[in-house]
Amino acid sequence: MALLPSPVALVQLTRYAVGQVMETAASAATIPFRLLGLLGQTELLVSRMTLLAERAEGLIGRVDGVVGDIEQTLRDTKVIMAAAATSTPCWPRSS
């Protein structure tokens, strides 16, 4: 019963360990580039969110204006209807 690995097994184990170290080093080397890409995407997302917020504020202002105009139109209509209900007709009625 041999307690030491064979030379072939030792070479394979060493080759595997070196491969793992190389893969880890390659992955670690790409981290700064991936972080820069992530930062760029985050900046783009924040920019789009800011644009959406500005457009939403503009739309809210326009909707407020339309609602105000509608309310004024309703008030005017009520005044006209009240005046029409209290006035006597200017045309002859057919009986």
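Predicted model: local features only at pLDDT ≥ 70, side-chain atom pairs only at ≥ 80, totals over all residues.

Visitor: Okay, and what share of the residues counts as buried?
Guide: That comes to 0% of the chain's 95 residues.

Visitor: Which residues form the nonpolar patch on the surface?
Guide: The patch is formed by L10, L13 and Y16, and together they have about 340 Å² of accessible area.

Visitor: Let's stay with Y16. Where is Y16, and is Y16 buried or exposed?
Guide: Y16 sits in helix α1, which covers residues 7-29. Its relative accessible area is 54%, so Y16 is exposed, the cut-off for that being over 50%.

Visitor: New topic: how do the axes of α1 and α2 cross?
Guide: Helix α2 takes in residues 31-86, and its axis comes within 4 Å of the α1 axis, crossing at roughly 30°. Angles under 35 degrees count as roughly parallel, so α1 and α2 are roughly parallel to each other.

Visitor: And which residues make that contact?
Guide: On the α1 side, S27, A28 and A29 do. From α2, the contact involves I31, P32, F33 and R34.

Conventions:
Residues numbered from 1 in each chain as written. Heavy atoms only, no water. Buried < 20%, exposed > 50% of the residue type's maximum accessible area, 1.4 Å probe, protein only. Patch = residues over 30% accessible without salt bridge, like charges linked within 9 Å, V, L, I, M, F, W, Y side chains within 5 Å. Areas by Shrake-Rupley, 256 points an atom, 1.4 Å probe, with all protein chains shown as cover. Salt bridge = Lys/Arg side-chain N within 4 Å of Asp/Glu carboxyl O. Helix = DSSP H or I, 4+ residues; strand = E, 2+ residues; numbered from the N terminus. Axes fitted to C-alpha atoms, helices over the stretch in contact; angles between N-to-C directions. Parallel < 35°, antiparallel > 145°, perpendicular 65-115°, else oblique. Contact = heavy atoms within 4.5 Å.
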